[in-house]
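Please look over the sequence and the model before reading on. The paragraphs below lead through the fold and a part of its surface.

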Amino acid sequence: MISGGAVNWVTVAAIFLSNFPEGLSSAAGMKKAGRSIGYVFGVWGAIAVISGIAALLGYTLFSGFSAEVIAATTAVAAGGILAMISDTMIPEAFEETHDFAGLITVCGFLAAFVLSKLAER
């Protein structure tokens, strides 16, 4: 996008698919902790607004940076996502779906692979 490209629908689908179960899990956790529906929607609404502002700032700030800086930043972000998945989501998934956690994880990676191949067309 920074170099003038458009957002690919496959990228949007992959982001939606990856965030959907995480959002459901977090919302269920807040509800289980006794938080109201208004609180849950308020938190997710605030996250959506803040994420949009952060994306706009990132797009604006990074448009002048070199490809190396952008690549390094992307690598750090990917590492952060991987750390969050391994620290939070995998243990929770294993606790809830013990026998199917591995199969569900593989299905997720397969979906990401298929979406990435569709993007190449």
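Predicted model: local features only at pLDDT ≥ 70, side-chain atom pairs only at ≥ 80, totals over all residues.

Residues are numbered from 1 along each chain as its sequence is written, and side-chain values use heavy atoms, with hydrogens and water left out.

The protein has 4 helices and 0 strands; helices (H or I, at least four residues) and strands (E, at least two) are DSSP runs, numbered from the N terminus. Along the sequence the pattern reads α-α-α-α. Taken along the principal axes, the C-alpha atoms fill a box of roughly 45 × 35 × 25 Å. Of the 121 residues, 5% count as buried, where buried means under 20% relative accessible area, exposed over 50%, and partly exposed in between (1.4 Å probe, protein chains only).

The axes of helix 1 and helix 4 come within 9 Å and cross at roughly 165 degrees. That makes helix 1 roughly antiparallel to helix 4. Axes here are lines fitted to C-alpha atoms, for helices over the stretch in contact, and angles run from 0 to 180 degrees between N-to-C directions; angles over 145 degrees count as roughly antiparallel. The crossing of the two helices is left-handed, meaning that the near helix is turned anticlockwise from the far one by less than a right angle.

On the surface, Trp-9, Leu-110, Phe-113, Val-114 and Leu-118 form a nonpolar patch, with about 530 Å² of accessible area together. Such areas come from the Shrake-Rupley method with a 1.4 Å probe, and for residues only the protein chains shown count as cover. Patches are made of residues with over 30% relative accessible area and no salt bridge, nonpolar side chains (Val, Leu, Ile, Met, Phe, Trp, Tyr) being joined within 5 Å and like charges within 9 Å. A salt bridge is a side-chain nitrogen of Lys or Arg within 4 Å of a carboxyl oxygen of Asp or Glu. Helix 4 (residues 101-119) gives the most to the patch, with 4 residues. Trp-9 lies in helix 1 (residues 9-32) and counts as exposed because its relative accessibility is 59%.

Helix 1 also holds Pro-21, which is partly exposed at 41% relative accessibility.

Technical notes
Parallel < 35°, antiparallel > 145°, perpendicular 65-115°, else oblique.
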